[in-house]
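Q: I have a structure open and would like to go through it step by step. Could you help me read it?

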Amino acid sequence: MGNKKHWLETTYKQASERPVRFSTVSDMELDALYTPDDVTGSYDDALGNPGEFPYTRGVYGSMYRGRLWTMRQFAGFGLAEDTNARFHFLLGQGQDGLSTAFDMPTLMGYDADHERALGEVGREGVSVSTVYDMATLFDRIPLDRVTTSMTVNCSASILLAMYLVVAERNGISWERIGGTIQNDMLKEYIAQKEWICPPRPALRIVTDMIEFCARRVPRWHAVSISGYHIREAGSTAVQELAFTIADGICYVEEAIKRGVAVDDFAQRLSFFWNLHNDFLEEVAKLRAARRMWARIMKDRFGAKNPKSMMLRTHAQTAGASLTAQQPINNVVRVAIQALAGVLGGIQSLHTNSMDETLALPTEQAVMVALRTQQVIAEETGVTNTIDPFGGSYAVEALTDRMEREANEYIRRIDEMGGMVKAIETGYPQREIAEAAFHFQRQLEQGIKIVVGVNKYSIPEEIPIATLKIDPEIEERQIQRVRKVKRERNSVAVKEALARVSEACRSGENLMEPICEAVRRDATVGEVSDIFRAEFGVYTDPGWI
Amino acid sequence: MAEKRLRILVAKPGLDGHDRGAKIIARALRDGGFEVIYTGLHQTPEMIAEAAVQEDADAVGLSVLSGAHMTLFPEVMRLLKERGAGEVAVFGGGIIPDDDAVKLKELGVRQIFTPGASTEDIVKWVRENVAART
């Protein structure tokens with residue numbers, strides 16, 4: 001039994017085959033069948049039991065039998081009080097962690113009253129320019145009990161400082177707050193493209209934050225190493241895996257160079273993956289990621305604490321996979337993607353809302369997205385047994401293959417001298433643009449199908465309700481920021497900003513001076529201006 | 001005499017970093033036989049209008065996915081006119097609701113492409129609707 005080659009040449013050859021390309025959404029061609037011939041490596045080496053090295057089957061001993069994943073919907077729009085109301089709504093609906101979306105000016109280090117912020121305030125997320133905005137955003141939320149994730153990168157040091165100051169003003173010590181700040185600058189140059197200064201100083205700020213959190217905010221994840229945006233920019237699943245792990249390697253190297261022992265910070269690195277349409281590919285990617293990270297931390301960096309080797313992760317369903325056409329179909333896509341995440345063993349999950357290709361989500365659409373997770377958790381039964389795909393010939397073969405191909409990318413990046421060098425030459429950026437173009441061509445040639453777009457389309461779309469952002473909020477936020485700037489002690493602010501400048505130059509850890517600056521009402525834009533002045537401004541090379 | 005190749009400026013105004021679409025369009029237009037200049041990200045309307053004039057562009061394609069299109073598109077149009085380049089064909093794409101697309105066309109934006117538009121449609125539209133500036 002089981003001779004695959006023989007079977008392919010006889011039984012399969014005689015059967016019919018549809019004239020399509022049998023490849024994943026990343027265009028990885030799959031075999032008609034996987035058998036024991038395709039699976040290599042012993043159980044203990046390749047898989048291990050859940051909670052045991054190399055964690056392929058899950059990082060925790062009891063996985064979802066012990067605790068379900070954290071349901072964490074990303075939310076942010078308009079003014080701080082608008083988003084605060086959405087947070088309370090979500091917590092009231094059974095969500096157990098918060099996740100904050102900031103608007104473009106905040107993400108790029110501009111205050112709401114800057115001319116570059118015009119038309120963008122509160123549009124793609126919530127506007128936060130001052131520590132008072134941050135206080136309003138988390139009003140009546142127990143920061144010592146709810147964990148918070150903040151999606152912000154080049155201005156992350158300032159937003160974290162504001163969060164810490166809000167906690168301290170609420171009488172909650174820094175040791176007691178838990179959460180995550182995305183703060184993954186490498187993937188910004190690769191994919192998401194939000195930056196202030198060039199890669200090297202940006203990496204220094206990230207490392208300052210890793211060091212600072214390891215010492216002062218021990219429950220905080222100072223970096224969420226993110227494949228999500230890499231995938232959204234159009235990468236393949238293997239590229240997402242490879243570039244993300246390579247970014248992780250770079251952060252670990254930098255922190256070690258700084259003199260922080262690997263086991264003192266590695267357990268506070270977390271990850272963030274995309275969950276795309278191709279079900280098996282996604283399950284395999286998550287399993288491969290855990291095994292790769294465990295081996296890298298143990299063998300390459302000599303970590304001793306098992307927690308340093310465990311890849312714990314948030315995941316989000318793929319925004320780029322949603323269609324503006326027949327948008328209600330997105331509910332189905334999101335459910336399938338989320339299920340892949342759960343079967344892939346994630347720790348925290350955001351499910352997209354059906355209307356997110358059109359606008360920020362309405363409350364009703366968000367509720368369907370959250371209920372999707374609750375249905376998976378409570379009704380489908382997939383949480384009853386751990387890693388049910390373990391031992392599947394197809395999934396194990398795919399897991400092995402993705403690890404192999406991702407390691408090949410990592411080898412090439414190491415040869416180039418590491419991720420910063422690779423970014424400076426545009427290597428990952430070009431690889432992703434190439435993959436994005438390839439997919440678009442396959443879509444237009446009908447090799448890849450998107451339901452409702454290039455097949456099963458309808459002549460007249462049925463519109464759905466979308467969230468509208470009141471254009472007046474921009475003016476209100478501008479006035480609010482200007483009032484703070486008018487009424488504060490400007491001498492005290494100047495002194496504090498000068499200290500941030502000094503720290504930029506001396507190499508002293510930036511976090512204490514930034515905390516002091518925001519305590520004295522320095523704004524997101526003002527601290528970012530210090531970075532611009534001290535480190536220079538990065539501009540897009542504009543590679544096509 | 002060979003016809004002059006049309007020069008198309010593909011531009012990303014505003015702060016959003018979503019350049020997947022803009023890059024695909026730039027490449028498809030280049031493959032379609034046009035001369036393409038891509039501005040890169042985070043351009044102000046001034047930078048774009050200036051580049052259109054400097055590069056002698058016949059058309060400008062704007063890509064905005066941040067929701068700021070109702071501020072950024074009209075500003076680019078205004079600045080082009082101010083620089084005597086009002087006849088440059090402006091088209092665009094992104095997350096642009098139908099109501100806004102109507103308003104933008106009233107302001108003189110020639111065409112708006114929304115999610116699902118194929119690169120072929122866009123290349124064809126440029127070929128049929130953009131004329132070389134004289």
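Q: How many bridges join β8(A) to strand β9 of chain A?
A: Five bridges join β8(A) to β9(A), which covers residues 313–317, and the two strands run parallel. Within this pair, L275(A) stands opposite T317(A). Please note that this is a predicted model.

Q: And which strand pairs with β8(A) over four bridges?
A: That strand is β7(A), residues 223–226, and the pairing is again in the parallel sense. Here V223(A) stands opposite L269(A) of β8(A).

Q: What holds paired strands together in general?
A: Strands of a sheet pair through backbone hydrogen bonds, in either a parallel or an antiparallel manner.

Q: Is β8(A) buried or exposed?
A: Seven of the seven residues of β8(A), residues 269–275, are buried, so the strand is largely enclosed by the rest of the structure. Both of its faces are covered. On one side the buried residues are L269(A), F271(A), W273(A) and L275(A), and on the other they are S270(A), F272(A) and N274(A).

Q: What is the order of the strands in the sheet?
A: The order is β1-β10-β9-β8-β7 in chain A, which makes an open sheet of five strands with parallel pairing. The edges are taken by β1(A), residues 70–71, and β7(A). Each of these has a single partner strand, so one side of each is left without a neighbour in the sheet.

Q: Which strand does β1(A) pair with, then?
A: β1(A) pairs with β10(A) in the parallel sense, over two bridges. In this pair M71(A) stands opposite L349(A).

Q: New topic: how is chain A divided into domains?
A: Domain 1 of chain A consists of 18–52, 186–193 and 224–457, while domain 2 consists of 69–181 and 490–538. Their centres, taken over C-alpha atoms, are separated by 28 Å.

Q: How many residues are in contact between the two domains?
A: 18 residues of domain 1 of chain A are in contact with 17 residues of domain 2 of chain A. On the domain 1 side, β10(A) (348–350) and α16(A) (363–378) are the elements that give two or more residues. The largest share of that side comes from α16(A), with seven residues. By class, the domain 1 side has eight nonpolar, eight polar and two charged residues.

Q: What about chain B: how many residues of chain A are in contact with it?
A: 30 residues of chain A are in contact with 30 residues of chain B. On the chain A side, α5(A) (104–108) and α19(A) (427–444) each supply at least two residues. The largest share of that side, five residues, comes from α19(A). By class, the side of chain A that touches chain B has 13 nonpolar, nine polar and eight charged residues.

Q: And what scores does the model have?
A: The model scores ipTM 0.93 and pTM 0.97. For chain B the mean pLDDT is 94, and 98% of its residues reach 70 or more.

Q: Back to chain A. Which residues of helix α22 are buried?
A: In α22(A), residues 511–519, the buried residues are M511(A), P513(A), I514(A), C515(A), A517(A) and V518(A). What covers them includes α6(A), α7(A), α9(A), α21(A) and α23(A).

Q: Which residue with a positive phi follows α22(A)?
A: That residue is D521(A), in the loop between α22 and α23 of chain A. Its phi is about 75 degrees, although it is not a glycine. D521(A) is partly exposed, with 19 other C-beta atoms within 10 Å.

Q: Why point that out?
A: Most residues other than glycine have a negative phi, and most peptide bonds are trans. In chain B, D56(B) also has a positive phi, near 55 degrees, and is not a glycine. D56(B) lies in the loop between α2 (45–54) and β3 (59–64) of chain B.

Q: And where is there a cis peptide bond?
A: The bond from F53(A) to P54(A) is cis, with omega near 0 degrees. P54(A) lies in the loop between α2 (43–46) and α3 (63–66) of chain A.

Q: Last one: is D82(A) buried or exposed?
A: D82(A) is buried, because 20 other C-beta atoms lie within 10 Å. D82(A) is found in helix α4 of chain A, residues 80–92.

Terms used:
Residues are numbered from 1 along each chain as its sequence is written. Chains are lettered from A and ligands numbered from 1 in the order in which they are written. This is a predicted model: local features need pLDDT of at least 70, side-chain atom pairs count only at pLDDT 80 or more; totals for chains, interfaces and linings use all residues. Two residues are in contact if their C-beta atoms, placed from the backbone, lie within 7 Å. Ala, Val, Leu, Ile, Met, Phe, Trp, Tyr, Cys and Pro count as nonpolar, Asp, Glu, Lys and Arg as charged, and the others, Gly among them, as polar. A residue is buried if 20 or more other C-beta atoms lie within 10 Å of its own, exposed if 12 or fewer, and partly exposed in between; C-beta atoms are placed from the backbone. Two strands pair if DSSP finds at least two bridges between them. Domain bounds come from an automatic or database domain assignment. pLDDT is the predictor's confidence in each residue, from 0 to 100.
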